[in-house]
Amino acid sequence: MLRPTPGELLEGLQRELTDSVLPEVPAGAAKRQLRAAIHVLGKLAQTWDLQHKYVETDNLDLEVTLANLSRLVGAERNPMPADTETGVVGVSDRSLADAVSRNIALQRELEQVQRQYQERASTDREFERALFELHRRRSTRALAATGESP
Amino acid sequence: MTAHDTVALAPRDLAGRVEEMLRRSLPNAHDISVSDPHRVFGGNARTAWACDASWTSAEGRSKGVGERHDESLILLIRATGSQVQSDPDDEFAALDGLAQRGVRAPRIWAQDSGGRLFGGAAVLLQRLPGRTDAVEYLHADLATGRARTHDLARALAELHVATTAADRDDSQLAGWRQQFEQARLEALPEVSWLFDWLARKQPTHTVSTLVHGDFRPGNVLYDGDRIVGLLDWEMAHRGSPAEDIAWAYRSLWSPARFVPIEEFVAVYHDAGGPTITGDALLWNRVFCEVKFATISLRAARSVSDGTSHNLRLIDRARTVVPSVAKALTWVDAWRAVQPC
């Protein structure tokens, strides 16, 4: 059972709410709420199937770059534990939930690495460049995954 | 009573509370009367009502004839779950007296920052003429939009000139960082990195003025090509005047289609505005993206924790992504002109 896909369903909901329901709702708070909901449905219709690959790619990039950053400052990595037991709210697929938990842990590790670097007296241009480029790649990836434009 | 409950109040009851506000604020006034307030759009963060009030001031009483005042007023009540964390007393103090100093700001007639009368911090302002509509402003014909944006630069210069002082307040960055750390739903190390960058590169010698804090085409009243009033002062604070220009030129609401930012700064300088350096402007462009990202995260959290039911805020966390992308672009521009 593949059709209609979740994207088709979301697009259909967005279309029918826009064409059939919105014109019948009087101006006011309810209409503003409905407009906002239609907007979110449109975003979801564009991006619902991008999330798994986005998170997996981001995790790989974070793993590789964190290892590189540790090497550059001559320190051992100090990975944060990923909570893969309690699950992730709104995610029912186990492998996606694990990837999201891992991403949350990697983000925390990166923040700790940044904090430790900030506390150092010296600067390391190569470290700073690698960190900046990581943020650029993650930002570009997130733009694509959320359907936002810069 | 909450600010939300105020919506259900009968107009006469609401008018009675406005009268009480005025009575407390103007102890020497008598014969105060207030028309039934009607609801007007006040944005995401406030509910708003318009009404008219009349009173007789005490000055004329000794002569046997009181001086009658007729004022158009707007009542603003802060909504629960606001994405902006600010002290109403600070806002009202910032706004108080500006109109009398030639700034295009509404006069404050009364305030209830404790929320006793309406369940949320409330302020009663002079209702200025003109229109406020960001979409209409940004879609105006080029000649009107250009003239109006030139006047926007002059109105901003007037505010900054009237409020220039020697004191500095560098607490904004730390304050926004604290809000970010409280509001975020995940670590977002790229935003932390931007806060670190801003702390390292903060300009040390800049003039201090009152900063409007939310200065943009959607927060002004205009009449044709003239700016009549600056609205929504809840993020006002002391700081660098460059912040207001950087905020006005955020891509979401920028008037750059009419006037490029460099020309805006030139008109602002011609009107007597304090010197804005390229460094200060670039730093503030990064800062404004981080500030917007933090406001977005507060908005998203207010829905996720149930303090707001506004669906316009439900996916606001997504807007952090383009803000970070833009801020990284400004950082790169900074690196291009000077060493890290």
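**View 1. Where chain A meets chain B.** In this predicted model, 30 residues of chain A are in contact with 27 residues of chain B. Together the two chains bury about 2600 Å², with 57% of it on carbon and sulfur atoms. On the side of chain A, Gln107(A), Glu111(A) and Phe132(A) lose the most area to chain B, together 21% of what that side buries.

View 2. Look next at the helices of chain A: H2 (29–47), H4 (94–119) and H5 (125–146) each supply at least two residues of the side that touches chain B. H5(A) gives the most, with twelve residues. By class, this side of chain A has ten nonpolar, ten polar and ten charged residues.

**View 3. An edge-to-face pair in chain B.** Over all chains, the count is twelve aromatic pairs. Here the rings of Tyr137(B) and Tyr222(B) have centres 5.8 Å apart and planes at 85°, so the pair is edge-to-face. Tyr137(B) sits in helix H4 and Tyr222(B) in strand E8 of chain B, so the pair ties together parts 85 residues apart in sequence. Tyr137(B) is buried, at 0% relative accessibility, and Tyr222(B) is buried too, at 2%.

View 4. Trp283(B) and Phe287(B) are stacked, 5.5 Å centre to centre with 15° between the planes. About one helical turn separates these two residues, because they are four residues apart in helix H10.

Definitions and conventions
Residues numbered from 1 in each chain as written. Chains lettered and ligands numbered in written order. Predicted model: local features only at pLDDT ≥ 70, side-chain atom pairs only at ≥ 80, totals over all residues. Heavy atoms only, no water. Contact = heavy atoms within 4.5 Å. Buried area = accessible area lost by both parts, 1.4 Å probe. Nonpolar A, V, L, I, M, F, W, Y, C, P; charged D, E, K, R; others polar. Phe/Tyr/Trp six-rings, centres within 6.5 Å; stacked < 30°, edge-to-face > 60°. Buried < 20%, exposed > 50% of the residue type's maximum accessible area, 1.4 Å probe, protein only.
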